[in-house]
Amino acid sequence: MNTMHQFKNSSLKVASLFIFTFLITAGLALAQEDKLLLQFKGENGAGKGKNVVLISGDDEYRSEEGLPMLAKILSKHHGFNTTVLFAIDPENNNVVPNYKTNIPGMEHLQEADLVIILLRFRELPDEQMKHFDDYLKSGKPLIALRTSTHAFNYGKDSKSPYAKYHWQSNVPGWEKGFGKKILGETWVAHHGHHAVEGTRALLDGIQVSAKNPILNGVTDIWAASDVYTVNGIGEDAEVLIHGASTSGMNAEAPINWKKSLMPVVWTKSYQIEGGKKGKVFASTLGASIDLLSEDLRRLIVNACYWGLDMEAKIHEKANVNIVGDYSPTMFGFDNFRRGMKVTDFE
């Protein structure tokens, strides 16, 4: 009886181990099949045949929501082929904006004609970062939104060749990192009262008089994101829009004239060692909730045409109607939607 009892227990353990192993293996197989990026094929439009890669990866302003929406607009209404990349937790392939060391699909930058980023404090593996560095060396255009001024944050003991991208870098020629080197400014401070004051966009009169095509159809932008402090953006930078702090978090809130204006949208050139000269469109706006503003979406779409030297094809009032449903989450740390897969943003 004891022998039979032991045999049954042993059999149950083997069976349980088999079932457990099967479930783990099946789970891993399913995880491996998860889609890790989004791609939308361009339909009719001037951008047909051009490839735009949008890289999300911030833990506050919900770029994982806003950039897929912009990608759909660019593909559906303007013909661009778009690819959207996300911060992915490799253990479960969930979209986890707080996961700062993995953005799969960076190799798609090799075929990109234009890149749009909204990143914050990333420290990507060298094999991923190399694709971004190579893209900048190509001199191709870049659109950088909101926290991209402080897109990278490397540990002080990092031996990575890309540690110079760190937002407070001391590397000669890369002082204050990617933000200062490429965009003209790194993170400084909140000029507006964060989550209390929004931003009212004030178009630069010189740019309006010059009929800058990036401003075509752009007249009314209010954003929930507050104004960032900007101390300098480079000699060749042109400010397109200034930001005034609003005394409240809605479009009707009055301007707080006690606070000075700050650049919130500008263009400039960039060039890194061993690379060609390229051009940048930068904005300290761009949270997913900011993109409810039709004119802000239009501004970014216009900037895509500008970046690709297609200014003549910028519409007087570009179609930026949202494709499908769009209900952005209010910005904030750790308030991203849990358990989300890339397909949830299709």
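**Figure 1. Helix H2 is mostly covered, with 14 of its 16 residues buried.** The model shown is predicted. Helix H2 comprises residues 63–78. From its first C-alpha to its last, H2 reaches 21 Å, close to the 22 Å expected at 1.5 Å a residue. Gly 79 follows H2 and has a positive phi, near 85°.

**Figure 2. The largest pocket holds about 240 Å³ of space.** Its lining consists of 14 residues. Those that lie nearest the centre of the pocket are Lys 72, Asp 325, Tyr 326, Arg 337 and Asp 344. By class, the lining of the largest pocket divides into 6 nonpolar, 2 polar and 6 charged residues.

**Figure 3. Lys 211 has a positive phi, near 55°, in a residue other than glycine.** Most residues other than glycine have a negative phi. Lys 211 is placed in the loop between helix H5 (205–209) and strand S9 (222–223). Because its relative accessibility is 68%, Lys 211 counts as exposed, the cut-off for that class being over 50%.

**Figure 4. Asp 334, a residue other than glycine, has a positive phi near 65°.** Asp 334 is found in the segment after helix H6, which spans residues 294–307. With a relative accessible area of 44%, Asp 334 is partly exposed, since buried means under 20% and exposed over 50%.

Key: Residues numbered from 1 in each chain as written. Predicted model: local features only at pLDDT ≥ 70, side-chain atom pairs only at ≥ 80, totals over all residues. Heavy atoms only, no water. Helix = DSSP H or I, 4+ residues; strand = E, 2+ residues; numbered from the N terminus. Buried < 20%, exposed > 50% of the residue type's maximum accessible area, 1.4 Å probe, protein only. 1 Å grid on protein atoms, 1.4 Å probe; cavity = no way out; pocket = protein on both sides within 12 Å on 5 of 7 lines; lining within 4 Å. Points joined across faces, edges and corners; volume = space filled by probe spheres on them. Nonpolar A, V, L, I, M, F, W, Y, C, P; charged D, E, K, R; others polar. Expected span 1.5 Å × (residues − 1).
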